[in-house]
Amino acid sequence: MTLSQVTRALYASLLRVHPPAFRRHFAAEMLWIFDEARVSESAFVLLFDVVVSLVRQWFLRAGLWKVATAMLGAAMQVAPALWMGSQPRSWPIRSATGAPIQMEGFVAITMCMIAFVLFMVVASVFWATKLSRRKEMSRCNRRTLAHRSI
Amino acid sequence: MAEDLSPFLPLSPATLHILLALAGEDRHGYGIMQEVARQSDGQYKLGPGTLYDNLQKLMNQTMVEEAPPPTQNDDSRRRYYRLTRFGRAVLTADVTRLEGVVRQAKLHFRPAPGRTK
């Protein structure tokens with residue numbers, strides 16, 4: 001197997017792991033471009049491009065970033081409980097003298113977690129509003145232009 | 001009544017180049033890549049990943065649509081794309097915006113009197 005065949009097979013494999021909708025629509029064409037552009041472009045540049053495309057399609061277009069953010073948020077909520085659980089003493093936590101220990105660390109983690117969740121809620125609302133406005137604009141403009149062309 | 005195209009502006013460099021490449025004629029993906037390289041004197045090169053990511057977005061926004069292939073199309077994998085009326089309107093609006101930017105830049109960069117040697 002030559003290097004050229006290996007890079008082509010690798011490129012095709014990377015195309016196969018793109019999100020299904022994108023793959024169905026564009027994969028065959030991208031492979032055709034790879035065959036055409038390989039003459040003038042370095043195969044490694046094209047491979048790098050398809051890797052970037054893969055990451056972009058899964059994280060930005062297919063919304064995997066939302067899943068990752070949700071998991072991070074969940075992990076942040078679980079983290080204080082895990083931290084508490086890992087402490088050798090039982091609840092309520094007391095120092096050796098019997099007085100309750102300082103809870104600044106726990107409070108700070110909790111506050112950070114709340115701030116992060118609030119930020120995510122605001123960002124999601126802003127993003128969803130902007131997206132729906134843009135979609136609505138696109139629909140209205142298409143209708144306007146279609147009426148004009150009649 | 002003029003449509004409000006502001007949510008779509010300013011266009012990203014990749015989007016602007018793709019729309020410009022399609023402004024003259026319908027092209028397939030590789031044709032768009034070549035035209036973008038030609039328009040920018042080879043300074044801006046689109047990879048297939050960037051191209052199709054943007055084409056997908058533009059098709060969702062109804063700025064670009066698939067066009068019927070010409071009769072002499074020898075490869076079934078080639079698909080042709082064309083600008084819609086809406087896409088042309090957005091491109092025109094962005095070019096007008098850029099003209100304003102260039103005008104301002106020329107005014108701004110005009111050498112001040114007395115400073116020229």
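Reply: Let's start with a word we will need: a contact means heavy atoms within 4.5 Å. Among contacts in chain A between residues at least 6 apart in sequence, 58% join residues at least 24 apart. This is a predicted model, where local features need pLDDT of at least 70 and side-chain atom pairs count only at pLDDT 80 or more, while totals for chains, interfaces and linings use all residues. Residues are numbered from 1 along each chain as its sequence is written, chains are lettered from A and ligands numbered from 1 in the order in which they are written, and side-chain values use heavy atoms, with hydrogens and water left out.

Chain A has five helices and zero strands; both are DSSP runs numbered from the N terminus, helices (H or I) of at least four residues and strands (E) of at least two.

Now for the close look. Helix H1 (residues 3-16) of chain A packs against helix H2 (residues 20-37) of chain A at about 165°, with the axes 10 Å apart. Axes are lines fitted to C-alpha atoms, for helices over the stretch in contact, and angles run from 0 to 180 degrees between N-to-C directions. H1(A) is therefore roughly antiparallel to H2(A) (the term for angles over 145 degrees).

Which residues meet here? From H1(A) come Thr7(A), Arg8(A), Tyr11(A), Ala12(A), Leu15(A) and Arg16(A), and they meet Arg23(A), Ala27(A), Met30(A), Leu31(A), Phe34(A) and Asp35(A) in H2(A). Sorted by class, this contact has seven nonpolar, one polar and four charged residues. Here Ala, Val, Leu, Ile, Met, Phe, Trp, Tyr, Cys and Pro count as nonpolar, Asp, Glu, Lys and Arg as charged, and the others, Gly among them, as polar.

Notes: Angles under 35 degrees count as roughly parallel, over 145 as roughly antiparallel, 65 to 115 as roughly perpendicular and the rest as oblique.
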